[in-house]
Amino acid sequence: MRKEFTQNGTQALPVWKSALCGVTAGAVAQWLASPADLVKVQIQMEGRRRLMGEPPRVHSAGHAFRQIVQRGGIKGLWKGSIPNVQRAALVNLGDLTTYDTIKHLIMDRLKMPDCHTVHVLASVCAGFVAAIMGTPADVVKTRIMNQPTDENGRGLLYRGSVDCLRQTVAKEGFVALYKGFLPCWIRMAPWSLTFWLSFEQIRKMIGASGY
């Protein structure tokens, strides 16, 4: 998409074009990966259930996968996919747009070359913005994915992402949408730094132009 918007993919893009690329890339990728994310969330919650003295629901990734399909069919693998896609779209909107914008802003304003220092500064900013934009959707996504379901695979607590958002704010306040912001940022910051430095270096190694 970036190449389609520029002659060779290296020029700075207007913010709205960077945002469009980020949102589209994040949404498509996360929709494809949503079943694996659902299995991951259910396995991660087993530790909490054991601490609360509740019986385990799943015993392994394979067992979780089979249970999901048994309860809701193949369609059940995409339970919570809408808030999942929304979260990924927001995270990538923040990450890709910020990195692209900040990198070229630093290079243009400070007259710096396309180097590691620029990559580090831009990726740190990208991780922070991604955490700010993605945490509310992450809270909604996790709650929907982990809610109990009936025999048809329908959620018993929330009708959808909007309903979950409304209930969360109404019962716990707006700040509840940023529960887990610090661990989210702690996760996003090194991820963004590692990804962008690796991505830029790989492009350089294969002879491609800088991002």
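## Pro 83 and the protein around it

Pro 83 touches Ala 137, Val 140, Lys 141, Ile 144 and Ser 161, leaving aside residues up to four places away in sequence; touching, or contact, means heavy atoms within 4.5 Å. This is a predicted model, in which local features need pLDDT of at least 70 and side-chain atom pairs count only at pLDDT 80 or more, while totals for chains, interfaces and linings use all residues. Residues are numbered from 1 along each chain as its sequence is written, and side-chain values use heavy atoms, with hydrogens and water left out.

**A closer look at Pro 83**

- You can find Pro 83 in helix H5, which covers residues 81-109.
- Is Pro 83 buried or exposed? Pro 83 counts as buried because its relative accessibility is 4%, and buried means under 20% relative accessible area, exposed over 50% and partly exposed in between (1.4 Å probe, protein chains only).
- Pro 83 and Pro 136 are 53 residues apart along the chain, and their C-alpha atoms are separated by 10.0 Å.

**Helices and overall build**

- The protein has eight helices and zero strands; these are DSSP runs numbered from the N terminus, with helices (H or I) of at least four residues and strands (E) of at least two.
- Along the sequence, the pattern reads α-α-α-α-α-α-α-α.
- Taken along the principal axes, the C-alpha atoms fill a box of roughly 60 × 35 × 30 Å.
- Among contacts in the protein with a separation of 6 or more, 65% join residues 24 or more positions apart.

- The protein is divided into domain 1 (15-79) and domain 2 (81-179), with bounds that come from an automatic or database domain assignment.
- The centres of these two domains, taken over C-alpha atoms, are 16 Å apart.
- How many residues of domain 1 are in contact with domain 2? There are 22, and they meet 21 residues of domain 2.

- Of the 211 residues of the protein, 40% count as buried.
- The protein exposes about 11900 Å², with carbon and sulfur atoms supplying 66% of it; accessible areas come from the Shrake-Rupley method with a 1.4 Å probe, and for residues only the protein chains shown count as cover.
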